Amino acid sequence: MKKRSSCKNPGAHLRVESMRNKRVHFVLLCSLIPFAGCPSAPEAPRYMGAGHSSPQRGGTFVFYHMDDVRSLDPHTAYDELSNIGIKLLFEGLLDYDSEAKLIPALAESLPEVSSAGLRYTFTLRPNLRFHNGRALNAEDVQWSIEKMLSPDTGSPGYNFFSLLEGLDAYRQGKQAHISGIQVLDARRIAFQLTEPDQTFLNAIAMTFAYPVPKENYLAHPNDVSRHPVGTGAFVLESWEPGVRIIFRRNPFYHQQGKPYVDRMVYWLNLSREAAVMRFRNAEIDVLHRFPRADYFFFKQSSTWKPYFKEEPEVNLWGLTMNCELFPFNNRHIRRAVSFAIRRDWWNKAKAYRLHLTGQPVPPGLLGYDENLPTQHRYDLARAKEEMRLAGFPKGIREPVTLLMANNEGSDTFGELIQEDLRAIGIPVDIRWLSFPVWMEETAKRKNAQLFLSGWSQDFPDPSDFLDILFHSRAIHDMNSENKSFYSNPTLDTLLDRARVEVNKEKRRQLYIKAQMILTEDAPWVFIWNDLKPEAWQPYVKNYHPNPVWSEFYRDVWLDLPRKANNSINKDIP
Amino acid sequence: MIRYIFRRIGWSIFVVWLVVSAVFVLMNTLGDPAVAQLGPKAQKVQIDAFRKKHGLNQPLWKRYAQLISRLGRGDLDKSFRTDIPVTQIMEQRLPRTLFLGSLSMSIELCVGVLLGIIAAVFRRRIPDHVVMAFSWITFSVPTFLAALFALNYFAFRLGWFPVGGFGTDTWDHMRHALLPALTLAVLGAATYARVMRNELLETLHTDYVRTARAKGLSYIEVLFRHAVRTAFLPVVAIAGLQFASLASGAIITETLFGWPGMGRLAVESIYTPDYPVLLGTVIVGCVFVQFGNLLSDLALAALDPRVRVTEESA
């Protein structure tokens with residue numbers, strides 16, 4: 001029938017087709033009806049605090065991470081996620097306050113230091129107990145540090161204790177104990193160094209030096225990382241790998257009345273997107289590492305403003321140039337590159353989530369100088385002038401190879417480097433590598449010309465950046481820490497002097513001088529420090545992002561019962 | 001039939017060995033896992049200790065021989081990252097993925113087949129258009145977008161489901177699995193609906209269906225007793241492969257919903273990089289692909305006598 005009618009009227013099949021299309025459109029439109037009344041997301045916090053002004057005890061604090069925890073053994077764990085849990089379960093002789101100053105923790109006070117700066121004597125607080133109820137004494141501290149430094153443990157902490165007297169003999173099996181660790185009595189212990197070191201106390205405050213009970217290591221010789229027993233504010237209640245860890249209050253904790261919360265729940269493997277939604281639903285109590293859109297939401301929200309903080313992390317990112325390879329063996333070429341990087345563009349490309357810098361020492365550390373005259377900055381005319389002084393006024397014909405690791409967001413940086421260096425006549429070829437290969441290639445002598453790299457603090461001291469990244473002692477043929485292979489005897493002398501200098505102001509001046517040498521010689525282009533935004537619920541009190549420990553929640557208290565916020569969809573300016 | 005099954009199992013073992021060997025070679029071109037595990041601050045002494053501990057200091061052929069011998073004993077080594085035996089990790093992760101996969105597969109099969117039948121029966125009418133529109137939309141939407149939308153709309157804004165995660169007890173696991181399962185199912189159901197519709201339309205125009213109608217059987221009887229059964233065969237073939245893919249982990253969905261299953265584990269092991277775990281996920285995936293294929297072949301044989309006869313004669 002249809003065929004016949006279409007033969008009579010050539011336009012009929014078009015009308016049928018048009019009718020069908022209308023029906024399809026109608027159906028498509030109808031399918032959108034369920035989404036027409038889309039409820040809006042809460043603009044403001046769902047709950048506010050009860051209004052208590054003094055710390056309250058009780059409640060469960062919930063936090064999360066996008067990844068999984070590797071280990072809860074303080075001797076071997078060396079990653080941020082594990083340390084978040086370790087900081088709840090363990091405590092060291094020393095710790096840091098919110099200003100990154102060393103404070104006593106298990107130690108009664110800061111140690112007595114001998115006049116030559118070689119001997120540190122600590123006194124433990126009285127009545128310290130492990131989670132298992134056993135009293136902690138100086139022998140436990142000695143056993144723990146010796147166990148950590150034993151070659152069988154393979155702890156990354158070894159690097160920080162290399163100046164302990166008798167360490168080599170102990171590691172070679174010539175001595176049963178480290179002669180530089182002496183137990184004076186049940187509560188007193190002394191450490192003897194082979195030469196003065198201003199960073200030794202920082203090493204003692206690191207998680208590697210946290211005391212652990214010997215019996216626990218004997219009971220779990222192969223999986224002690226799953227059975228942590230410490231002296232910290234919380235005890236491990238349960239750990240479901242890949243899902244969550246639950247901590248409960250330690251009844252033996254030495255600080256009276258602390259911790260405030262009864263339980264802490266650490267959700268693992270929660271995606272950033274899900275974490276933001278859960279946070280805005282008040283299902284988790286803190287938020288960090290926001291997706292881009294959510295970052296702007298929290299940054300611009302007036303209702304979240306009191307519960308949002310963004311600070312530069314103590315790390316450094318920059319463009320590393322191999323000073324032993326052409327063309328970066330020419331100081332002027334390195335300086336030209338340092339003037340050619342358009343930091344503002346980089347920041348824009350990264351949604352303004354970088355803290356731009358032009359010097360190696362990150363903000364907050366001794367020697368950082370906001371007004372450092374030689375700090376790196378964008379100046380194309382200077383860059384071209386430096387190229388002329390280098391003898392390449394028209395640029396370099398042979399492309400430079402930029403090694404990039406396949407990490408999140410690294411493609412953008414690769415393109416930005418290519419673009420900026422093209423402006424001064426340096427063509428760049430990008431070679432993408434897997435992270436392990438990139439690590440190997442960049443740490444080999446006379447191998448990698450140019451690459452983007454970073455460094456984050458082990459402890460808040462400039463030596464942790466300058467000594468490792470730029471001292472000629474840190475140059476090795478393989479696995480080199482000084483990856484620019486920059487060697488300058490004047491800088492080495494300055495850094496060695498600064499490492500042992502007791503006077504803080506003199507030490508600061510030495511590091512400023514070192515910074516000036518480095519910015520002028522430019523083995524790196526110093527570009528940025530990461531910004532770390534964090535938000536927390538209004539009923540979470542006493543949370544101050546710690547400058548040393550990431551996501552350190554031990555001392556928070558909850559202002560309960562939390563009160564429902566009646567104006568959650570109003571972002572009141 | 002039993003001979004056929006044994007032959008298929010033998011073939012599957014050969015394929016798994018082939019894949020394991022390929023992955024082993026590939027892993028050893030991706031750089032030193034010791035350097036990657038210990039990070040940029042590791043000293044040579046620690047790197048050497050790590051290599052020794054995990055046998056990475058031995059020649060490649062020896063490591064390969066050890067790997068094959070370990071696999072023969074059902075030992076998948078220990079994770080570089082956590083030191084937990086890989087089999088123990090799999091014991092935890094695999095049931096979660098199978099749970100999510102079977103839930104989503106049950107939903108998508110039921111919904112997809114039903115929608116396909118409706119679309120075929122009501123061809124070129126409103127229900128057909130609705131089903132086809134649904135199918136177009138779901139085909140065009142990338143998985144990550146669908147997952148984000150589901151999370152944002154149904155979990156966050158409407159509050160009908162928990163916002164990602166795994167839950168704490170059986171009931172809670174079920175609650176948490178529902179939205180990721182539905183997201184996977186919606187995407188999968190579109191495939192089944194289209195295949196079922198097309199097959200059914202073709203079957204409904206075959207001679208034997210017309211004969212059955214001429215003999216006086218009702219339309220419903222012909223549809224469900226004859227046509228649907230025949231049209232179901234390609235759906236079974238697809239379901240076998242789909243099962244394999246779901247069992248080895250829906251990478252994007254598991255990651256976005258924070259479901260700690262095999263897909264999420266595979267991603268973690270690639271980025272970490274944790275080669276024993278990566279190899280474990282590859283082996284499990286490979287075994288499930290083989291198993292899914294075998295299962296769908298057996299199901300086809302059960303549904304279609306012609307398939308059975310062919311295999312037996314072969």
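Mentor: Two strands count as paired if DSSP finds at least two bridges between them. Strands themselves are DSSP runs of E with at least two residues, helices are runs of H or I with at least four, and both are numbered from the N terminus.

Trainee: Thanks! And the ground rules for the model?

Mentor: This is a predicted model, where local features need pLDDT of at least 70 and side-chain atom pairs count only at pLDDT 80 or more, while totals for chains, interfaces and linings use all residues. Residues are numbered from 1 along each chain as its sequence is written, chains are lettered from A and ligands numbered from 1 in the order in which they are written, and side-chain values use heavy atoms, with hydrogens and water left out.

Trainee: Which strands pair with β11(A)?

Mentor: Strand β2 of chain A, residues 60-64, pairs with β11(A) in the parallel sense over 5 bridges. Strand β10 of chain A, residues 244-249, is also joined to β11(A) by 5 bridges, but that pair runs antiparallel.

Trainee: What stands opposite Y266(A)?

Mentor: F63(A) stands opposite Y266(A), and I245(A) has Y266(A) as its bridge partner in β11(A).

Trainee: New topic, Q449(A). Where does Q449(A) lie?

Mentor: Q449(A) lies in the chain A loop between α14 (435-442) and β18 (450-456).

Trainee: Why does Q449(A) count as buried?

Mentor: Because its relative accessibility is 17%.

Trainee: What does Q449(A) touch?

Mentor: Leaving out residues up to four places away in sequence, Q449(A) touches several residues, including T320(A), L325(A), P399(A) and T401(A). Contact here means heavy atoms within 4.5 Å. F326(A) is also among the residues touched, and its backbone oxygen lies 2.8 Å from a polar atom of the Q449(A) side chain.

Trainee: Zooming out, how many helices and strands are in each chain?

Mentor: Chain A has 17 helices and 22 strands, whereas chain B has 14 helices and 0 strands.

Trainee: And how much of each chain is buried?

Mentor: Of the 573 residues in chain A, 56% are buried. For chain B, 49% of the 314 residues count as buried.

Trainee: What are the dimensions of the C-alpha traces?

Mentor: Along the principal axes, chain A spans about 110 × 70 × 45 Å, and the chain B C-alpha atoms fill a box of roughly 85 × 60 × 35 Å.

Trainee: Last one: how many positive and negative side chains does chain B have?

Mentor: Chain B has 31 positive and 21 negative side chains, counting Lys and Arg as positive and Asp and Glu as negative, with His and the chain ends not counted. Chain A has 71 positive and 68 negative ones.

How values were computed. Buried < 20%, exposed > 50% of the residue type's maximum accessible area, 1.4 Å probe, protein only. Polar contact = N/O pair within 3.5 Å; in protein donor to acceptor, adjacent residues only side chain to side chain. Charge placed at Lys NZ, Arg CZ, Asp CG, Glu CD.
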